[in-house]
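Hi everyone, thanks for coming.

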Amino acid sequence: MRDRTVRRRARRLALGTTVVLALAGMNGPWLYRFGTERYHDYTINKPEYKAENGHWEIVEFPEEYRQDTIHAALLHTGKVLMVAGSGNNQENFDRKRFDTRIWDPVKGTVKKVPTPSDLFCTGHTQLAGGNLLIAGGTKRYEKLKGDVTKAGGLMIVHNENPDKPITLPAGTAFRGRANGRTFVSKDPVLVPRAKKVFDRTGRWLRNDPGIGRIYVEARKSGRRYETGTEDNYRVQGLTGADARNTYGIANKLGLDKKDFQGIRDAFEFDAVAEKYIKVDPMKEARWYPTLTTLSDGRILSVSGLDDIGQLVPGKNEIFDPKTRRWTYTGKIRQFPTYPALFLMQNGRIFYSGSNAGYGPDDVGRAPGIWDVDSNAFTELPGLADPDMMETSGTVLLPPAQDERFLVIGGGGVGESERSTGRTRLIDLTADRPRFTEGPSLEKGTRYPQASVLPDDTVLVSGGSEDYRGRSDSDILQARLYHPDTDTFQRVADPQVGRNYHSGSILLPDGRVMFFGSDPLYGDRANTRPGVFEQRIEIYTPPYLYRDARPSLSGGPRTLARGASGTFASQHASAITKVRLIRPSASTHVTDVDQRSIALAFTAAEDSITVTVPKNRNLVPSGWYMLFADDDQGTPSEARWVQVP
């Protein structure tokens with residue numbers, strides 16, 4: 001489908017200062033408000049205001065190209081991949097209408113891309129070759145209590161045969177031994193064979209049964225088919241040894257709420273061909289998973305709701321980009337959904353405690369350092385508001401060599417109305433790392449968006465005080481966090497509220513795009529359903545309103561770790577720092593890809609020579625934006641380079 005040019009909506013300053021002040025002086029409240037808005041427009045468009053606070057601009061796609069963007073990632077082509085899937089819209093899901101867009105912020109064009117599965121609430125991360133790995137998504141939408149007509153839930157299937165696994169097809173019936181009720185499986189399930197357990201002398205002790213998990217529901221609607229207690233279930237259709245060795249166990253099977261269910265589907269998105277390429281499906285179905293790059297370039301997939309709507313029971317897996325196949329890690333560790341997991345310089349994984357939702361409040365919530373190979377987990381002390389980490393954001397502060405993290409805001413577990421304005425800092429290079437208090441936000445903030453900028457500041461914007469922006473609680477404020485002074489600087493306010501299903505992406509020209517927002521209600525009284533925010537808003541930081549920006553051109557397209565490369569610059573003598581910034585892949589306040597790495601450099605008359613650090617954990621393989629900052633803190637436009 002051919003590209004369409006995006007229209008930009010810019011406000012026009014039609015009245016001068018005199019007219020604005022005259023309107024403001026009139027008695028009519030409408031005229032006063034009209035005049036106040038005009039004066040505000042006049043103020044925020046003044047050059048000196050922009051140079052101090054930056055500026056926001058709204059971008060609207062043509063109507064036929066709009067979508068409910070849930071996920072976004074910057075591609076090494078400079079374009080932005082925007083994924084909606086069904087867009088949290090049951091009608092789209094039922095019609096199998098799944099959406100993806102490619103937006104070119106330079107040319108202002110937008111393109112539709114065929115989307116093979118419902119990639120709503122998927123996981124994603126940048127791959128070394130420049131593609132994006134996308135895994136998981138939606139198999140079934142949740143059903144709220146009252147909408148569920150057939151009793152159902154989780155059936156644990158046991159196989160006590162140590163000699164062979166058993167596969168039960170979809171439609172398998174399970175009949176309760178005590179309650180006499182029959183429930184039917186919705187999908188096939190493979191139940192592994194039992195494991196023989198021996199003592200130290202080699203004497204057989206017992207068989208530990210293989211376990212399979214399956215969603216079952218009653219054949220007919222009605223409350224009389226509910227069960228209230230645990231029961232053992234015979235598997236209908238099995239005979240002989242299979243009937244003796246295979247059985248189900250289930251607790252309550254009722255008409256309570258049924259959560260979303262995940263899929264196993266996985267794809268690479270080809271950034272050049274701009275299409276999805278199917279790869280080996282995951283071992284586990286996942287909805288709300290986190291994908292994190294490991295030291296060797298393989299990808300760790302963690303958490304999510306599985307194909308029966310249960311939190312994946314700690315069965316984590318790894319994708320090998322060379323074979324495009326998944327394998328289990330072999331060890332069990334459970335986290336809430338969308339956990340914030342970052343690769344450390346020693347190859348271990350830092351878990352900040354930030355997450356985006358589902359999971360028990362007492363499982364996998366404590367922050368710590370995780371050795372994936374050994375499965376050892378060391379908890380980290382000092383976290384303020386530890387019960388308020390859901391919907392908080394975590395960012396690796398620049399430069400990445402310092403290995404300092406900022407945790408921003410958060411709220412109570414589930415649909416809690418509680419939120420916190422706290423920020424927390426932790427330095428993982430310390431002998432005994434512990435969290436300390438950072439500067440507070442003005443308001444309690446769920447869903448804060450945070451983007452690392454090339455001048456070593458972090459843009460923190462948006463969010464809401466309540467769950468999904470209830471009670472008209474969106475926060476129309478933005479701040480720049482300065483890691484060197486541990487302070488916030490208030491800057492221009494955004495025009496568009498952003499809460500659940502929103503995010504931000506640093507662009508190669510140094511601006512930041514904001515997407516999404518999925519409010520539960522559209523009014524303060526919580527009576528009118530919310531409308532998904534389809535507009536993009538672009539923030540131009542103060543550093544782009546100075547007289548000029550340093551030039552950066554030429555140079556190699558590939559830079560190995562430990563190697564150097566020379567780039568042309570007419571302003572080489574003014575360059576004070578160079579940063580290598582990994583592009584973002586953002587969703588649900590989770591962006592574990594972005595990091596800004598300081599590069600050593602030398603300047604000649606009209607060029608700079610940069611050197612990439614040798615540590616592959618600090619600089620994972622992949623494409624990066626190379627920025628050079630002058631002595632005023634103004635960055636160049638980025639040069640794309642690949643670290644093999």
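A quick word on labels before we start: strands here are DSSP runs of E, at least two residues long, numbered from the N terminus. Please also keep in mind that this is a predicted model.

How many cavities of 30 Å³ or more does a search of the whole structure find? The answer is eight. The largest cavity has a volume of about 130 Å³. Its lining has 14 residues, and P448, Q449, A450, V589 and D591 are the closest to its centre. Strands β32 (393–396), β36 (449–452) and β40 each bring at least two residues to that lining, with the largest share, three residues, coming from β40. By class, the lining of the largest cavity splits into four nonpolar, nine polar and one charged.

Next comes the second largest cavity, at about 100 Å³. Among the residues lining it are L441, E442, K443, V460, I475 and R479. Both β37 (458–461) and β38 (478–482) supply at least two residues of this lining, and its classes come out as four nonpolar, four polar and three charged.

Now for the open spaces. The largest pocket has a volume of about 820 Å³. It is lined by 39 residues, and nearest its centre lie E142, Y358, E415, Y467 and R468.

Of its 22 lining residues, V189, R213, K283, E284 and D307 lie nearest the centre. Which strand gives the most to this lining? That is β18, with four residues. The lining of the second largest pocket divides into eleven nonpolar, two polar and nine charged.

You will find N499 in the loop between β39 (487–491) and β40 (502–506). Is N499 buried or exposed? N499 is buried, because its relative accessible area is 1%, and the cut-off for buried is under 20%. Its side chain reaches the backbone nitrogen of D518 at 3.4 Å. Beyond its neighbours within four places in sequence, N499 is in contact with residues including Q449 and R468.

Methods
Residues are numbered from 1 along each chain as its sequence is written. This is a predicted model: local features need pLDDT of at least 70, side-chain atom pairs count only at pLDDT 80 or more; totals for chains, interfaces and linings use all residues. Side-chain values use heavy atoms; hydrogens and water are left out. Buried means under 20% relative accessible area, exposed over 50%, partly exposed in between (1.4 Å probe, protein chains only). A polar contact is a pair of N or O atoms within 3.5 Å; within protein, one must be able to donate a hydrogen and the other to accept it, and residues adjacent in sequence count only if both atoms are side-chain atoms. Contact means heavy atoms within 4.5 Å. On a 1 Å grid over the protein atoms alone, a cavity is a set of points where a 1.4 Å probe fits but cannot get out, and a pocket is an open set with protein on both sides within 12 Å along at least five of seven lines; lining residues have an atom within 4 Å of a point. Grid points are joined across faces, edges and corners, and a volume is the space filled by probe spheres set on the points. Ala, Val, Leu, Ile, Met, Phe, Trp, Tyr, Cys and Pro count as nonpolar, Asp, Glu, Lys and Arg as charged, and the others, Gly among them, as polar.
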